Structures are given as structure tokens and as C-alpha cells.
Amino acid sequence: MTKANEQFMLRAFALARKGLGTVEPNPMVGAVIVRDSQILGEGWHGAFGGPHAEIEALAAARAGGENVRGATMYVTLEPCSHHGKTPPCADAIIDAGLACVVAAMVDPDENVAGRGLEKLRAADIEVQTGLCETQVRELLAPYIKLRTRKRPWVICKWAQTLDGYLALPAGDERWISGQAAREIVHELRSYCDGICVGSGTVLADDPLLNNRSGRGRQPTRIVLDGRLRTPLASRLIATASAESPVLLATTARAMEDHIETAAQMARNGAELLALPDALGAGVSIDALLDELGRRKWTRLLIEGGPQVLQRVIADGLADELWVFIAPRPASQSPGEILPRFDIRDLQAQSDLPQPQRMMAGADTLLKFRLAQKTVGGPPDPTQGSGKSARS
């Protein structure tokens with residue numbers, strides 16, 4: 001492959017990213033049609049249920065008066081070969097008379113899984129794979145996990161002080177992180193299917209857990225609540241609706257013990273999901289992830305306090321960590337116990353990869369991409385009031 005080939009695939013990669021948060025549970029895909037090093041048309045998958053990238057690129061070429069017969073298509077993922085919400089892209093490519101398709105990777109979807117490429121080859125279209133595959137696999141890691149492991153991609157996010165606390169002392173300002181960091185968090189929320197916290201966070205903070213970026217989706221708000229402690233007067237229950245869903249992950253026993261409370265929550269619009277108890281450690285997060293996978297969720301954001309973070313990370317359920325570190329210590333008052341979960345403790349005890357480091361205003365953001373089942377949790381984080389800077 002020449003440098004020009006790579007440039008065209010990287011252009012398709014950049015186009016694919018435009019679908020972030022709007023195409024899930026479908027994959028982000030970009031496509032570029034080229035002849036004699038000139039781009040004839042390009043497109044990307046813009047919305048779930050809408051035209052795929054290959055169809056958009058063909059339409060763009062036609063709109064520009066270009067004849068694509070004999071041209072090459074660079075596409076980030078194998079063209080589909082089956083009828084889903086849209087007709088097969090492989091058929092459209094064959095009908096258009098393209099001579100070559102360069103796909104970065106084979107689609108892991110069991111409905112495709114190489115059959116799209118086979119259909120193209122059977123029509124005497126040259127097929128090449130593997131160009132920029134590493135970059136595309138990283139981009140599509142949540143989609144690949146959903147298709148192969150039937151679970152959503154799990155991102156653990158928290159903001160901590162310089163000395164590792166998840167909250168500020170009583171009477172101090174509410175937020176640990178600054179405005180720039182909070183804007184990044186809302187952008188992250190905008191392309192996640194759900195945000196998950198423990199009931200302790202709800203009791204301490206009464207958060208809304210919504211997306212206030214002004215774009216993207218409103219994620220489902222999930223509470224791990226094995227004892228059904230979420231107050232009926234909480235902002236989550238008060239704002240539960242089809243537009244901004246609330247899901248209480250609890251147990252059948254808790255629903256039986258609090259039958260009137262459960263009924264009122266349901267009347268207010270919240271969904272109650274009965275899951276197994278994880279051997280006394282609370283609601284089974286494994287069972288929750290399995291259920292969310294059945295619902296075709298692509299990304300789950302964990303914003304819980306130290307107990308929830310510890311469980312998810314120690315059990316090897318996290319795929320990414322996003323850690324915002326403020327440039328100041330908590331300076332807690334004598335006798336005050338604040339929740340603590342310090343990334344430095346986790347790094348000292350676990351074989352974490354090198355993070356991607358960036359600045360978010362005055363705060364530092366560390367982003368870790370984890371290998372499954374290789375991360376252990378930090379030792380017994382300090383348990384306090386559960387107070388945290390979360391909304």
C-alpha cells in the first residue's frame with residue numbers, strides 16, 4: 001500500500017468519527033471513492049437506521065456528476081451483505097461497477113463476518129483488507145465488544161483532588177474540577193447509552209446525571225440500588241421520563257420488601273430491574289452488563305463513588321478510565337472523612353498502561369485504555385459520607 005492509499009483510508013477514518021453518538025449500536029463507518037488519486041465522493045454513516053457510509057459516498061459522487069465505474073472505494077469496515085434497516089451495501093457497490101474495495105477490517109457482526117467481502121469477490125471486485133486496521137479497531141472497540149462479547153464498553157470516570165479525594169470539605173465549593181473538565185464530561189455523556197452510580201451517591205448528592213452539552217443523546221440514568229434506598233423525592237425520580245430514562249438496578253427481594261415504594265417509582269416513570277445479588281456485595285454488575293448487552297447498549301459510563309469504582313475495576317469490568325485531577329488538595333477539616341479513590345494507588349498496585357495525558361483547563365485528564373481482567377482495585381478506599389462533586 002502506498003502513502004496515498006493510507007491517506008484515503010485516514011480520510012475515511014476521519015469521516016467515520018462524525019457518527020459518534022448518533023449511529024450506535026451500529027458502527028461508525030466512513031467511505032471515500034477514488035480514481036487516479038482524485039476523490040469522487042465520500043460519506044459516513046450519520047444516524048442509526050439511516051444510509052450507510054458506502055451509500056452516502058456513492059450518492060455524493062452521483063450528485064457531483066461523477067462516474068464511479070472502475071473506481072476504488074476506501075471504507076473503514078467491511079460492507080454489509082444482509083438486509084437490516086437498509087439494503088446490503090455490497091449489492092450497491094456491485095451495481096455501481098466499482099473495481100476495488102479496500103476495507104480496513106472485517107465486520108465482527110455475525111450477520112456479516114466476511115460475507116460482504118466474499119460477495120464482492122464473487123462479482124470480480126478486487127478486495128483488500130488491513131489498511132489502517134489498528135486505528136479503526138481502536139475507534140470501533142466498543143462496537144467490537146458489543147458484537148463479540150455481548151456487553152457495552154465500560155468507562156469509569158471520576159474527578160479527584162491532588163491528594164486523591166472525591167469530594168471537598170463541607171462548606172467548600174461544590175466542584176472539584178473546573179468548567180473545562182465539566183464540559184468534557186458532558187460531551188462524554190452525550191455519546192454514552194447510560195450513566196451509572198451507586199445509591200450512596202444519590203443519597204449524598206441528589207444528582208441529575210444528565211447531558212447538558214446541548215447536543216447528542218440523553219443517557220439513561222442507572223442507580224445500583226440493592227436495597228431500594230433511592231428517595232422518591234430525588235431529582236432522578238422526579239425527572240424520570242421516556243426522554244430522560246431512569247433505571248433502578250435492584251433485587252427481587254428489595255422490590256418485595258418495598259412494594260409500595262417500587263410501585264410509586266414505576267408510576268413516576270422509573271424502570272425497576274430485578275438482578276441477582278452479588279454474594280452480599282450489592283447488585284451483580286456482571287448481570288447488569290449482560291442485560292445492557294441484550295439491549296444493544298454500546299457504552300456505559302460509571303460515575304459511582306469509591307465502592308462502585310472499586311468493584312468495577314477490581315473485577316476487570318472496566319475498559320477505560322477517565323481521571324480528572326485538580327491541582328489542589330482537599331485540605332479536609334480535622335475529623336472529617338471524605339471518600340477517597342486515588343489513581344496513584346491504583347497505578348502502584350496494578351499493571352496499568354501508560355495513560356493519554358491532556359489538560360482540561362487547570363485540571364489534568366488521564367485516560368487509560370485497559371486490558372480485560374488484568375486490573376486490581378486499590379486497597380480499601382476510605383469510606384465516608386459518600387459526598388462527591390457529581391451532578
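**View 1. Valine 197 in strand E7.** Valine 197 belongs to strand E7, which spans residues 194–198; strands are DSSP runs of at least two residues and helices (H or I) of at least four, numbered from the N terminus. The residue is buried, its relative accessible area being 0% (buried means under 20%, with a 1.4 Å probe and protein chains only). The C-alpha atom of valine 197 lies 6.2 Å from that of leucine 224, 27 residues away along the chain. The model shown is predicted: local features need pLDDT of at least 70, side-chain atom pairs count only at pLDDT 80 or more, and totals for chains, interfaces and linings use all residues. Residues are numbered from 1 along each chain as its sequence is written, and side-chain values use heavy atoms, with hydrogens and water left out.

**View 2. Serine 199 in helix H8.** Helix H8, residues 199–205, contains serine 199. Serine 199 counts as buried because its relative accessibility is 8%. Its side chain forms a polar contact of 3.0 Å with that of arginine 229 (a pair of N or O atoms within 3.5 Å, where within protein one must be able to donate a hydrogen and the other to accept it, and residues adjacent in sequence count only if both atoms are side-chain atoms). Beyond four places in sequence, serine 199 touches Val223, Leu224, Asp225 and Arg229 (heavy atoms within 4.5 Å).

**View 3. Residues 373–389.** Over residues 373–389, pLDDT stays under 50 (the predictor's confidence in each residue, from 0 to 100). Where pLDDT is low, the predicted coordinates should not be read in detail. The protein chain averages a pLDDT of 90, and 91% of the residues score at least 70.

Note on methods:
Buried < 20%, exposed > 50% of the residue type's maximum accessible area, 1.4 Å probe, protein only.
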